[in-house]
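Here's a short tour of one protein chain. Have a look at the sequence and the structure, then read on.

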Amino acid sequence: MFRIILIYEAFFVLFWNLLYLSSSGIENWFSEKFLTAIYVFLSTMALGTTLVYIIYISAKLSGFIDKIKKIKDPRKTSI
């Protein structure tokens, strides 16, 4: 679960950097409405975290995670 959150956070930071650098109008929006920008940033991050958590819980309840754990690692050789 911790890895999923870290991967999501890294993706989110890359997404916001791409959005910030690709749009020239967003720079003015960040400087004029700083508190609104922080709210949008944090609420989007919370929404994404909730979505990832819901997917994880659904996969756990359906037994999908147990099926994935039972798959043997092909990198390990069986003698």
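In what order do the elements of the chain run from the N terminus on? The order is α-α-α-α. Keep in mind that this is a predicted model.

## The overall picture

When you tally up the secondary structure, you get four helices and zero strands. The chain has 79 residues, and 13% of them count as buried.

What about the outside? The chain exposes about 7000 Å², and 70% of that comes from carbon and sulfur atoms.

## Following helix H3

Helix H3 covers residues 34-62, which makes 29 residues. From its first C-alpha to its last, H3 reaches 42 Å, close to the 42 Å expected at 1.5 Å a residue.

Which residues in H3 are buried? Ala37, Gly48 and Ala59 are. Just after H3 comes Gly63, where phi is positive, at about 90 degrees.

## A nonpolar patch

Now turn to the surface. Phe34, Leu35, Ile38 and Leu42 make a nonpolar patch there, with an area of about 420 Å². One of these residues, Phe34, sits in helix H3.

Is Phe34 buried or exposed? Phe34 has a relative accessible area of 52%, so it counts as exposed; the cut-off for that label is over 50%.

Here's a handy bit of background for looking at any helix. An α-helix has 3.6 residues a turn, so residues three or four places apart point the same way.

Conventions: Residues are numbered from 1 along each chain as its sequence is written. This is a predicted model: local features need pLDDT of at least 70, side-chain atom pairs count only at pLDDT 80 or more; totals for chains, interfaces and linings use all residues. Side-chain values use heavy atoms; hydrogens and water are left out. Helices (H or I, at least four residues) and strands (E, at least two) are DSSP runs, numbered from the N terminus. The expected span of a helix is 1.5 Å times one less than its number of residues. Buried means under 20% relative accessible area, exposed over 50%, partly exposed in between (1.4 Å probe, protein chains only). Accessible areas come from the Shrake-Rupley method with a 1.4 Å probe; for residues, only the protein chains shown count as cover. Patches are made of residues with over 30% relative accessible area and no salt bridge: like charges are joined within 9 Å, nonpolar side chains (Val, Leu, Ile, Met, Phe, Trp, Tyr) within 5 Å. A salt bridge is a side-chain nitrogen of Lys or Arg within 4 Å of a carboxyl oxygen of Asp or Glu.
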